[in-house]
Amino acid sequence: MHCTLPRPVSALVLALAAGTGLMTPCLAASPTLPPTQLAAIQAQKPVRTAQAVTHLHQLRNQFGLDARTDFLPHQVLVNSQGRTVVRAHQTFDGRRVWGGEVITHVEAEGQVKALTQGLRSGVTLAGNTPKLSPEQARNIALRSLAPKGSLGAAPKIEQVVFPTTFTGGFATRVDSTRGTTVIDRDLSIFAKAPAGAYVLAYEVQTLLSNTKDGHKEINFIIDANTGAILRKWNAVQGDSPAAGTGKSFYRGDVPLSTAVAPDNTFSLRATDRGSLPNPFVAEQDPTAPAGLTMYYGIVDFNTYNYGFLPYQGHATNSWGNGTLMPLPINPTTWEPLLEFNADGTLAWWQGTMSEAGDTTAVDAHYGLSTTWDFYKNVFGRDGIDDKGTSPFAVVHAFQGNGIMLDNAFWAPWYFGMVFGEGSYPALPNGYMSAITEIDITGHELTHGITQYSAGLIYSQQSGGLNEATSDMLGKMVQAYADGGATGTTIPNFPGGDLNKWKIAHDSAAPGVDALRFMYKPSLDGMSTDCWYDGVDLLDVHLSSGAPNRFFYFLCEGASANASSATFSPYLPGGMTGIGNDKAARIWYKTLTEYLAPDADFEAARTASIAAAEELHGTGSPEATAVVKAWAAVNVGVAPGQPAPVRVSFPVVHPEGSFIDANAYPSGVLAKVQFFPVKTNVTVQATVTNTTNTKLTWSTPYWSTLEGIPAFAGRINPDGTWATPAFNFYYELLNIKVTSQADPNQFAKSQVLLVPADADTDNETDALDMGAAAMSWGLPATPNPAAWVAGSGDDWSIAFLAEALTNAFPAK
Amino acid sequence: MRTRSLSLVLSALVLSLAIACGGGSSSTPSGSTPSAPPATGLIYTNPTGTGWRLVKDASSTPTRVILNLVGPSDLKTRGVGFNLQAPATIKFGAFTNGMAINEGGVYQLLSAGSADPSEPIALIGGVKAGNLLTAGIFQKDRSQPAQDSGTTLCQIAVLFDATKGLHAGDKLPLQITKAKVIPEDIGTITDDLLTLDKKMKMADITIAVGSLTAN
Ligand SMILES: [Zn+2]
């Protein structure tokens, strides 16, 4: 596919100026510097940033990079040990190399080292002038976006250098009604991977926020020479798998930081949290003041766009009444109940400005203020971007068609957050009450922190780490609030109170209990308790289970009692935790100083061990606890444990193939196999680290809930499988294979069954490719069976080729 | 357990019956004399005629016979596919593309104007159970013109298998069980579906196969 694939500079993961290793033996804990010294180093940020860049310039040759490569610092932080952490985009001829990142540590005493695992070597471009204008690229993106309503803002367009190995392709999503994986046709694109390893491209970011499209932030990579859409993804980090004084709903009476206007009215704006104005708000209203602000959702009936208005003009400075407003839906007609402004152009949910409507804003304002304070007081961080930029939150938000949102999300375009109304208790079978519980507000704001630190890409293991980071630190915000929301340390939860380790326990409907269970994530029936081969195929809110459980074990320990919910078969002897404060500091350091955007669990393990050793010393009980907690989720091994049995599926779509891609980094779909229906095929898996290579195959199943068979027959012990008659071309079947030597070791994959009899002659063979070929490019076809991928395009050709090649190898 | 072993026997029976009906003698080489020496290669004799046919390519060796699929010289087509039944005593070979078919360079496999080597193409060749080769090469883009068929459109490879105990003179019958082309006229994108339904049909063809003999 490509002559040379761009790869990270693997031999130089840690390039050190002084030539000494990072993991030097007997490393002592780095001391925390006094405030005066830290302030002095803070003042030197620009100098130290320049020093970092100079250092990177000197190392360019060693990295295999030429003078056209440069480094653009985008995030600089000084930690409590006085280290300046400079995160820089890799650039080529002044353009950002997509996904290219280098982290430089400038120590208090001035030593410099670079963490280069995110750098991309061997960048070259065929030409240096794009054939397409930014406007043409925007139009291509908008045609693919096909908005039903109007754009929420003009698209943002940036010229970038794009590594073509990330081209593609085939996207999947969880069908939340059934918890099963299906092909995401909206985000799937058929990209023709360009021949070169890098191409000039435009990144086009779009915002939709209206009654017809809902809130979407779809981003595109457009080849600047051919106009091909090379990638397409959703930038919103939602929380669904499902997803004065104030009287709050969740936390009783709470203090609120508010603002008073000259007319003596009050607004839910914390002037002491956020010193720079919110950039999105400032664009619409340059006079809007800084400070964390609460808004409510509105619809503009001139444009049908969503918008928001601030909670202001309040006669008193006491807010809310501790109850939630009724669901603004007519229970018989299911029509939304709206209130309008005088001229009828703006509407909001009925009850939004009532006392009960204020209650939700009170919870959000308190929760986000406390989150802000948590980062400020515990970690010395000035808000999301560490520069004091003001975030905002929208409560009572609209989400298309009057459906009340059981969800909350971080919206990068807004530099803000949106909190759903929740459908419970208005609907007896509702899922969540107002999604403003403090671990959720902490979770969503932490998505912003992650965006402005490690930038963990929101898919596969890096996405699982992103989600887990929000759960972990959101949970720590709750602990901080429980302890009074003051001081510089994080108290523990009461020992043994597992309810404290449930995400959204108070807002989830009683029958739901919680969104996620950090101490045993699989209790939700979908999340994973551990790493396994294939964990990348999980939605990021489900793969987060492994790092979530790691963090629980690190804080609270693991039981040695096999019947306990906090027992891990991967660490049967159990372990002792190190408490919330130490665990949170290790993770924050890992996130802000070590993790690259594409980190996987293994990289997170290495990074968090380094962070623990820095804070507590090599061989310290804390560093050992980190090793054990990872081992307890099947990542690495604890001291004294043998190499574990590993089960894995072979890669069938190599890096850069159209099926593998459409995710960063590529790899997520590399193991998904395509087979024709009604055909004898063989599924393969490999076992290592044991002489007993016998395997047990699951019955293929649809849902992520194992044990719900898909009536797709059985896979025999040798992997042979008579595939069933099955024509859900969009549906991926899950398969699981378990080692008989160690039943705790398993792998999961997915298969796509292709209805390959495209010419409907009751025989699957090469002639079916002729029928698919004849239907290529046709918007409709007399023979629907010829569209084996649901449309008459290259997808059908490729699906058929994959399936036939797998079933009928050349012998 | 009893029921299960019974059904195994039954399916084995069905399988052997099917092979018997297939016309090829799969295990006992036919036509050999007890005194014939062990074979070391294959001999392919081209069929006669000027229609669709499999003819031996000059690059063939005694152990790897390359067969070119050639069509009538006055016919324009957009693709061709066929199934070829071979006895179990020979193997089909793969080409550098990893498939049991090699393109002849006549059909335009990429969409018009594309030079993208990673574009999916409608080229497929593999071996089904029972040593049935299934192979096809098709133009997908109808804006690519139909091509003259009177030259090598694709290739397949037949391999001598030294483990099968063949003797010189053993006949190795090759039989085309299905063959179709995409004709020149497959309608246009502006046709109504009824018209397209009539025109978007692959046409049956007969491919003449020569004789393959162990040597
Ligand atoms: Zn989240």
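1. In this predicted model, strands β36 (residues 732–739) and β37 (residues 746–754) of chain A run antiparallel and are joined by seven bridges. Within this pairing, Val737(A) stands opposite Ala747(A) of β37(A).

2. The two strands belong to an open, four-stranded sheet of chain A, in the order β31-β37-β36-β34 and with mixed pairing. At its edges are β31 (673–676) and β34 (695–697) of chain A, each of which pairs on one side only. From one strand to the next, the twist averages 35 degrees.

3. Helix α14(A) lies across two strands of this sheet, β31 and β37 of chain A. Its direction makes an angle of about 80 degrees with β31(A).

4. Helix α14 (794–807) of chain A is also part of what covers the buried residues of helix α13(A). The residues concerned are Leu767(A), Asp768(A), Met769(A), Gly770(A), Ala771(A), Ala772(A), Ala773(A) and Met774(A).

5. Chain A is divided into domain 1 (14–115), domain 2 (134–235), domain 3 (259–356 + 390–437), domain 4 (460–631) and domain 5 (658–807).

6. The C-alpha centres of domain 3 and domain 4 of chain A lie 32 Å apart. Contact between these domains involves seven residues of domain 3 of chain A and nine residues of domain 4 of chain A. The size of an interface is often given as the accessible area lost when the parts come together. For domains 3 and 4 of chain A, about 680 Å² is buried between them, with 59% of it on carbon and sulfur atoms. On the side of domain 3 of chain A, Tyr431(A), Met432(A) and Glu437(A) lose the most area to domain 4 of chain A, and together they account for 73% of what that side buries.

7. As to confidence, the predictor assigns the complex an ipTM of 0.86 and a pTM of 0.85. The average pLDDT of chain B is 85, and 83% of the residues of that chain score at least 70. Over residues 1–30 of chain B, however, pLDDT stays under 50. For this stretch of chain B, the model has 13 contacts beyond four places in sequence.

Conventions
Residues numbered from 1 in each chain as written. Chains lettered and ligands numbered in written order. Predicted model: local features only at pLDDT ≥ 70, side-chain atom pairs only at ≥ 80, totals over all residues. Heavy atoms only, no water. Buried < 20%, exposed > 50% of the residue type's maximum accessible area, 1.4 Å probe, protein only. Contact = heavy atoms within 4.5 Å. Pairing = 2+ DSSP bridges. Axes fitted to C-alpha atoms, helices over the stretch in contact; angles between N-to-C directions. pLDDT = per-residue confidence, 0-100. Domains from an automatic or database assignment. Buried area = accessible area lost by both parts, 1.4 Å probe.
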